[in-house]
Amino acid sequence: MQQSLIDAVSKSANEAERGMLPATPTICVGQPHRLDPSRCPDGQAILWLQIPDAPRLIKGDAAGEINSDGTWDDATREAFADRIEGILSHHIENFDQIKLARRAFSPADLAALNMNLVGGDPYGGQCSIDQFFTFRPFSSSRNGSTLFRNLHHIGASTHPGPGLGGGSGFNTAKRLGA
C-alpha cells in the first residue's frame with residue numbers, strides 16, 4: 001500500500017522532531033532559473049532544494065544507514081545529501097548523468113553563515129500557537145508594521161509565519177496596492 005503524501009511528510013517531520021535523520025525526508029524543490037534565466041548558463045538549470053525536516057541536533061538515523069557522532073560534520077551532511085540525491089534519482093531521468101555540481105548546507109552550516117538562523121533554523125524559530133497570527137513577532141505588531149513610516153517587516157517572523165510561500169511579503173505587497 002502506497003503511503004499518502006501527508007503521511008510521508010508527517011513521518012519525516014516526526015523523525016526530525018525526535019532528532020533522527022529522516023529515512024525519507026520531505027524535499028522542497030525550486031528552479032530559480034525558470035524565473036531568472038541569468039542565474040545560470042544557457043542550456044543549463046539550477047535545482048534548489050530545501051529539506052525542512054533536517055534535525056538541528058542529531059540523535060540517530062531513522063534508516064539506520066548514517067553513522068553520526070550527533071553533530072552535523074561534513075561526513076554526516078554529505079551522507080544525508082547522498083540520501084536525498086538517491087530519492088531524486090527515482091524521479092528525475094538520468095539524474096546522476098545530468099548533475100554537474102552539488103553544494104549541501106546542514107543546519108550547522110546555515111547557523112555559521114547567518115547569525116539570525118539560530119541552530120540553522122530558516123523558519124524563524126518556535127512555531128507554537130502563541131507565535132502565529134497577530135502574535136508574530138509580538139502581540140503589539142500588526143501586519144508587519146514598524147515604528148517608521150513606509151518601513152514594513154516581512155519574513156518568517158511576521159504573519160502568517162514561516163514557510164516557503166512568501167506569505168508576509170505577499171500580504172504587504174497587497175496592502176501597498178500591488
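**Before continuing**

The model is predicted, so local features are given only at pLDDT of at least 70 and side-chain atom pairs only at pLDDT 80 or more, while totals for chains, interfaces and linings use all residues. Residues are numbered from 1 along each chain as its sequence is written, and side-chain values use heavy atoms, with hydrogens and water left out.

**The whole chain**

Colour the chain by secondary structure. Five helices and four strands are present; these are DSSP runs numbered from the N terminus, with helices being H or I of at least four residues and strands being E of at least two. Read from the N terminus, the order of elements is α-β-β-β-β-α-α-α-α. Of the 178 residues in the chain, 27% are buried, where buried means under 20% relative accessible area, exposed means over 50%, and partly exposed lies in between (1.4 Å probe, protein chains only). Among contacts in the chain with a separation of 6 or more, 49% come from residues 24 or more positions apart; a contact means heavy atoms within 4.5 Å.

**Helix 1**

Select residues 5–17. Now show the side chains of S12, E15 and A16, the buried residues of helix 1. They cover an arc of only 100° around the axis, which places them on the same side of helix 1; the arc is that of the directions from the helix axis to the C-beta atoms. Turn to the other side of helix 1, where I6 and E17 are exposed. Strand 1 (20–21) is included in what covers the buried residues of helix 1.

Remaining in helix 1, select A13, which counts as partly exposed at 33% relative accessibility.

**H33 and its loop**

Move to H33, in the loop between strand 2 (28–30) and strand 3 (48–50). H33 is buried, with a relative accessible area of 12%. A polar atom of the H33 side chain lies 3.1 Å from the backbone nitrogen of I46. Leaving aside residues up to four places away in sequence, H33 touches R39, C40, Q44, A45 and I46.

**R56**

Next, select R56 in the loop between strand 3 and strand 4. R56 counts as partly exposed at 46% relative accessibility. Residues up to four places away in sequence not counted, R56 touches W72, P107, V118, G119 and D121. The R56 side chain reaches the backbone oxygen of V118 at 3.4 Å. S106 is 50 residues from R56 in sequence, yet the two are 8.6 Å apart in space, C-alpha to C-alpha.

Select residues 74–89. Helix 2 has 16 residues and reaches 22 Å from its first C-alpha to its last, close to the 22 Å expected at 1.5 Å a residue. Its buried residues are T76, R77, F80, A81, R83, I84, E85, I87 and L88. What covers them includes strand 1, strand 3, strand 4 (60–61), helix 3 (95–98) and helix 4 (107–113).

Which kind of pair do the rings of W72 and F80 form? The structure holds one aromatic pair. The ring centres of W72 and F80 are 5.8 Å apart and the planes stand at 65°, so the pair is edge-to-face. Rings of Phe, Tyr and Trp (its six-membered ring) pair if their centres lie within 6.5 Å, and planes under 30 degrees apart count as stacked, over 60 as edge-to-face and the rest as tilted. W72 is buried at a relative accessible area of 10%, and F80 is buried at 4%.

**R103 and F105**

Select R103 and F105. The charged end of R103 sits over the ring of F105, 4.3 Å from its centre; this requires NZ of Lys or CZ of Arg within 6 Å of the ring centre and within 35 degrees of the ring normal.

**Helix 5**

Finish at S168, in helix 5 (residues 167–175). S168 is buried, with a relative accessible area of 8%. Its side chain reaches the backbone nitrogen of G155 at 2.7 Å. Residues up to four places away in sequence aside, S168 touches I154, G155, T158, H159 and P160.

Key:
Polar contact = N/O pair within 3.5 Å; in protein donor to acceptor, adjacent residues only side chain to side chain. Expected span 1.5 Å × (residues − 1).
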